[in-house]
Amino acid sequence: AQRVFSGMQPTGNLHLGNYLGALVNWVKMQDTHDCVYCVVDMHAITMWQDPAALKSAIREVTAAYLAAGLDPKKSIVFNQSKVAEHAELAWVFNCVARLGWLNRMTQFKEKAGKDRENASVGLYAYPCLMAADILLYRATHVPVGEDQKQHLELTRDVAQKFNNDFRPQIEAAGFADGFFPMTEPVIQGPATRVMSLRDGSKKMSKSDASDYARINLTDDADAIAQKVRKAKTDPEPLPSEPKGLEGRSEAENLVGIYAALSERSVEAVLAEFGGGQFSTFKNALADLAVAKLAPLNADMRRLLADPGFVDGVLKDGAERARVIAAETMNHVKDIVGLLR
Ligand code: AQP
């Protein structure tokens, strides 16, 4: 069977990068796969979070999932900390993964910054928890943005080493082709790497200090229009063909966002706007972004007005997730030699 797993951190508002890079694909995959979508709250606490803000963010991210079109009847939607097996399997993977593998992770280097001695052990071990999230459901496909590619490679390394280290036990348990699958990343869609609106060399990120760097899914029409209008550009008019965007990362990013939101190709967008002024294009982009995000925004507000509903979705999802998670952990304990 083909199973999808993916998650987002409740570390703040979701933004257009999360939406176009991941969520849009998640919604589509519900039609073809058995899907598990998680709010990864244990990942969030690898950096200090205000506890009250974290609780709200967990509900907000869940509301964004539902507003974007995740169907909690079809897919399993829950928050990570409700299913204790994530932490349990992560510990086993801490013992399978090698220090050298984690030392190569670029996201840790970026997030830890210069003061590495002071980063949490959790931030360092983050990729092992992510491998546990995915492999707990023995997921075959993980739809993510480009930035998660390296972590997905580590997940495969962990699966492979586990399958090798315990080969006789895995075969004896009746799994002829290894216990964990070699999970495939699904990095596709029109915008796998949405860049900051202030700096075309940085990805759009929740933790960017400038709110003008991103369009939040909770921004109202005025905020969206203002952010698009203020987005950094260069003085040249738009080219008529994609190769004219080379070396113009800010322009390329805005055209990419337009193409993704309108579900058209970059060629088609440039055929319409090429040669024209940036201001004309920016106005069109602002209108489009408002038109696409306003219904989502309204749905989120409606859902958040009834926290009981959102909490109910998470509770039901966690119950269903636990059934799969418990089965995997039972096998893992047997395979590794932990008495149950
Ligand atoms: N700019 C982006 N373009 C495309 N995809 C993106 N994703 C994130 N930023 C972009 C994808 O969104 C999913 C959820 O990401 P996450 O919540 O795990 O956190 P992240 O990747 O660390 O996202 P942020 O916004 O950059 O958060 P902070 O600032 O807290 O680190 C993933 O599939 C990711 O690829």
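This is a predicted model: local features need pLDDT of at least 70, side-chain atom pairs count only at pLDDT 80 or more; totals for chains, interfaces and linings use all residues.
**Domains**

I began with the domain assignment. It gives domain 1 as 3–192 + 306–336 and domain 2 as 219–302. I then looked up how far apart the two sit: their centres, taken over C-alpha atoms, are separated by 31 Å.

Next I checked where they touch. Eight residues of domain 1 are in contact with seven residues of domain 2. On the domain 1 side, the elements that give two or more residues are helix 1 (16–29) and helix 3. Helix 3 gives the most there, with four residues. I also sorted that side by class and found eight nonpolar residues, no polar ones and no charged ones.

**Helix 3 against helix 14**

Helix 3 (residues 51–68) packs on helix 14 (residues 307–336) at an angle of about 80 degrees, and their axes are 10 Å apart. I count angles of 65 to 115 degrees as roughly perpendicular, so helix 3 and helix 14 go down as roughly perpendicular to each other.

Which residues meet here? From helix 3 I have R59, T62, A63 and L66, and from helix 14 I have P307, V310, V313 and L314. By class, this contact has six nonpolar residues, one polar and one charged.

Buried or exposed? I get 22 other C-beta atoms within 10 Å of A325, and the cut-off for buried is 20 or more, so A325 is buried.

I then looked for its contacts, leaving aside neighbours within four places in sequence. A325 is in contact with V83, E85 and L136. For L136 I noted both separations: A325 and L136 are 189 residues apart in sequence, yet 5.6 Å apart in space, C-alpha to C-alpha.

**Helix 7 against helix 8**

My next pair was helix 7 (residues 121–135) and helix 8 (residues 149–165). They pack at an angle of about 70 degrees, with axes 9 Å apart. That makes helix 7 roughly perpendicular to helix 8.

I listed the residues on both sides. Helix 7 brings P127, M130, A131, I134 and L135, while helix 8 brings H151, L154, T155, V158 and A159.

**G122**

I also picked out G122, which lies in helix 7. With 15 other C-beta atoms within 10 Å, G122 is partly exposed. Leaving aside neighbours within four places in sequence, I find G122 in contact with I45 and T46. G122 and T46 are 76 residues apart in sequence but 5.1 Å apart in space, C-alpha to C-alpha.

**Core**

Last, I went to the largest nonpolar core. It has 99 residues, and the members touching the most others are V36, Y37, L89, F93, A131, A132 and I257. Which domains does this core draw on? At least three residues come from each of domain 1 and domain 2.

I took F93 as one to follow up. Not counting residues up to four places away in sequence, F93 touches C128, A131, A132 and V158. Two of these I had already written down: A131 on the helix 7 side and V158 on the helix 8 side of their contact.

How values were computed:
Residues are numbered from 1 along each chain as its sequence is written. Axes are lines fitted to C-alpha atoms, for helices over the stretch in contact, and angles run from 0 to 180 degrees between N-to-C directions. Angles under 35 degrees count as roughly parallel, over 145 as roughly antiparallel, 65 to 115 as roughly perpendicular and the rest as oblique. Two residues are in contact if their C-beta atoms, placed from the backbone, lie within 7 Å. Ala, Val, Leu, Ile, Met, Phe, Trp, Tyr, Cys and Pro count as nonpolar, Asp, Glu, Lys and Arg as charged, and the others, Gly among them, as polar. A nonpolar core is a set of buried Ala, Val, Leu, Ile, Met, Phe, Trp, Tyr and Cys residues joined through C-beta atoms within 7 Å. A residue is buried if 20 or more other C-beta atoms lie within 10 Å of its own, exposed if 12 or fewer, and partly exposed in between; C-beta atoms are placed from the backbone. Domain bounds come from an automatic or database domain assignment.
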